[in-house]
Amino acid sequence: MKKQIHLGAHFPGVNNTTVWSDPAAGSQTDFSSFVHFAQNAERGLMDFVFLAEGLRLREHRGRIHDLDVVGRPDTFTVLNALAAVTSRIGLAGTINTTYNEPYELAVQFASLDHLSAGRAAWNMVTTSDAFTGENFRRGGFLPREQRYERAAEVVAVTRALWDSHGAEVEHHGPQFDVRGRFPLPPGPQGHPVLIQAGDSAQGRDFAAATADAIFTLHGTLEAGQAFYADVKARLAQHGRSPSDLKVLPGVTFVLGDTDAEAQEEAVRIRRQQVSPATAIAFLEQVWGRELSEYDPDGPLPDVEPDVDNVSITRGRVRHARDPRVVAQEWRDFAAAHGGLSIREVVIEKTGRQSFIGTPRTVAARMDEFVQRDACDGFILVPHLTPGGLDRFVAEVVPELQDRGSYRTAYPGPTLRDHLGLRHPHAPLNARKESA
Amino acid sequence: MSPFTEARMHLAVELTAAGRHPAAAAWAGLDPAALLSPAHHAGLARTAARRGLDLALLPHTFHPDAGPLLESAAVAARIAPVVSGIGLVPTATVTHTEPFHVSKSIATLDIVSAGRAGWEPAVSRTQAEADLFGRKPAAPADVLWREVAEAVEVVVRLWDSWEDDAVIRDAATGRYVDRDKLHHIDFKGEFFSVKGPSITPRPPQGHPVVVLRADEPEALPVAARWADVVRISAPDLPSAAAARERIRAAVAGAGRHPDDVIVLLDVEVHLAADRHRARRDLLELDTRAGAELPPSSVRVLGPPTDLADLVGTAVRTRAADGVTLVPLVLPTDLDAVTDRVVPLLAGRGLLRTGRAGGSLRSRLGLSRPANHFVGASS
């Protein structure tokens, strides 16, 4: 049997990838949008629907960023409600380990797993910024180097609680002291599926040791193959096999009746994603200074980036690279392409979609990435809510099925079944608990 | 709000998995696994909704002796899309949890239930609960309720931190949101500071219904300031009437109109063909549990007419604006209430007739609250 493609469906989120100005764009927060999106993904036999999270509204130049979609409902609440209107699809939520306590998280994920009959997944993120901390008791921030220490300890404590069967659990570590009994039997999956997002060496190690799937960046086929080989090779040292960790890059796509039409549509979407005001905001993010006087259809600024003003945009991941290098790269790029405007450069540098073409072209290209071991599947990030996956499900899914690379029915009731993951067993976790 | 009338009597029910009595599941022969299934919980709420009960209270505690216990906010969200018409009020404790998370959780329950959400804040008193979190020791009641007051204020301010019309989707200027209608709450209190705004827009009801217990003197000022619905327990109806007057005075003292607060009396219920049979059942339950379950409030052990009589008297004597039925055994006591007691109450003209639609607030005769921040600059 051919290697099978796994698909996650990312509900369009709070960033400029999500186009809200299109007439087809619906509400980002109405429950009906989530129902449409999840039920359609389930019709497409996808492994899971995926919710992102951000615990502080983004701010730009000291004010709430108003150019992109703002706001989202609570992750656990939406996933539990979606469990009522779907029956098979996995329910994956991003939940932060910095601003939650492991005992409560264990109760929440066990509840979701019971109430969804074994479909819960946890995309575990650990933030370190004091900006987000201002919304929480804990306040302050987590030193960067402690992020994975905290994440590992959360995994150890929650798994010990899920596995405890009424026995007292006692944990003492640098991040947490937890003692007591857990009120629930293990959920249908034993442990919810654990997803790790993050491509750093530390993140890869953490994923190899503990995660069931890694949500990574999409790049070239070769880059994907290198990442895939690296991550899978790390599994053995943790006593795990290559099939225990799925590599799932986040990808965007544009479909058309012909490849040329899809390319035209892709350009149109990129211009929606990068409005003139968004282009300036991106520019300010790189330059670290106010640039509102600049014409988005004019050339890049001559002024150099302010390298000390690294926090002009807060609440999102920033470029880790030296802004002066990025600025020069953008100038060279604009010049090499016949003098591109600010907006054109931002569109080219930030907005290019992963897969563009007819449903057949897209299916073939995605299949190539999977069959050639650049990944095990994809987390699809559509640009529209709630119908952004409709055409993919109607037209790309059958193409993938025709290629023999995609299921024609769900293999079992739980998300672990969909992903081909083993049911966790006690001895492995007893070992982790003592770590 | 209209003045108090008998016809405005409100009927709530407390829905745990198997009933208030700790031996209920074993006594009734329920499969423990079924108690964790969504079908069980949806079935209970649907039974209550079908007979027009106003709200289902879904208790939660972190105390490990409480038995198998799903998080009640999760249960409420899971049943909201498939059970219509009834208010859903989970307990969310505030002693060891984050007000920011609670605020968006309840706001989102309001979204997925189309405006039928409420919230009962509660405290975690014991060291056993504190040890599950390991962040602070157990605290006395006065400290716990001061913290509740802060938590409720933060939660409500976060609900208001988005004005209703903050999302503008103005393609001409490229702005999705009018940031002048989003507000930092800048709360700084004794127990925590929260910056805001919420990440979740203002919920459909503006403020989901806030339900607070006011049995302890330390809780009374919190209820007087913040509650839409106050739960009380009392050994008898005269004590309940006195408690209700105390609460209405405190509400007035807090600058609110007493009729803006609904006082619900807990009534423990186990129904049988006759009183003898009901008492014999309780004896069996207590024996099985290995301990007598002392009444937490007025308790009715008897036939459906006994419960209808007590509820009627409670409302007529203004001991309460309505009752929270606390079934000792589920689902049988709920079935008896809906099949037998509700028709009796309706026949006596004690319940509203016709279908109540819309939000939980409108069902309870509560207005949609103004936004604290409207008119304020950001």
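Of the 259 residues in the largest nonpolar core, the ones touching the most other members are A:Val49, A:Ile195, B:Ala56, B:Ala223 and B:Leu265. Helix α6 of chain B (residues 141-160) gives this core its largest share, 11 residues. A nonpolar core here is a set of buried Ala, Val, Leu, Ile, Met, Phe, Trp, Tyr and Cys residues joined through C-beta atoms within 7 Å. Buried means that 20 or more other C-beta atoms lie within 10 Å of a residue's own, exposed means 12 or fewer, and partly exposed is in between, with C-beta atoms placed from the backbone. Helices (H or I, at least four residues) and strands (E, at least two) are DSSP runs, numbered from the N terminus.

Take B:Ala223 as an example: leaving aside neighbours within four places in sequence, B:Ala223 is in contact with B:Leu212, B:Ala214, B:Val230 and B:Ile247. Contact means that the C-beta atoms of two residues, placed from the backbone, lie within 7 Å.

## What kind of model this is

This is a predicted model, where local features need pLDDT of at least 70 and side-chain atom pairs count only at pLDDT 80 or more, while totals for chains, interfaces and linings use all residues. Residues are numbered from 1 along each chain as its sequence is written, and chains are lettered from A and ligands numbered from 1 in the order in which they are written.

## Chain B overall

Chain B has 12 helices and 13 strands, and 56% of its 378 residues count as buried. Its C-alpha trace spans about 70 × 50 × 40 Å along the principal axes. For 378 residues, a compact globule would have a radius of gyration near 21 Å, and chain B agrees at 21 Å; the radius is taken over C-alpha atoms, and the globule rule is 2.2 Å times the number of residues to the power 0.38. Among contacts in chain B with a separation of 6 or more, 77% join residues 24 or more positions apart.

An unreviewed UniProt entry carries the annotation "domain: Luciferase-like" over residues 36-284 of chain B. That stretch is 39% helix and 18% strand, with its end C-alpha atoms 24 Å apart.

B:His21 sits in the loop between β1 (10-14) and α1 (24-28) of chain B. B:His21 counts as buried because 26 other C-beta atoms lie within 10 Å. Not counting residues up to four places away in sequence, B:His21 touches B:Leu285, B:Ala289, B:Leu293, B:Leu328 and B:Val329.

## Where A meets B

The contact takes 54 residues from chain A and 49 residues from chain B. On the chain A side, the elements giving two or more residues are β4 (63-64), α2 (75-85), α3 (102-115), β8 (177-180) and α9 (276-287). By class, that side has 28 nonpolar, 14 polar and 12 charged residues; Ala, Val, Leu, Ile, Met, Phe, Trp, Tyr, Cys and Pro count as nonpolar, Asp, Glu, Lys and Arg as charged, and the others, Gly among them, as polar.

A:Pro183 is in the loop between β8 and β9 (193-197) of chain A. A:Pro183 is buried, with 24 other C-beta atoms within 10 Å. Leaving aside neighbours within four places in sequence, A:Pro183 is in contact with A:Val107, plus B:Pro64, B:Ala66, B:Pro68 and B:Leu69 across in chain B.

Helix α3(A) is largely enclosed by the rest of the structure, as 13 of its 14 residues are buried. Just after α3(A), A:Ala117 takes a positive phi of about 55 degrees.

Helix α5(A) is mostly covered too, with 14 of its 16 residues buried.

Definitions and conventions: UniProt positions are given in the numbering used here, feature names are shortened, and annotations may be inferred rather than shown by experiment.
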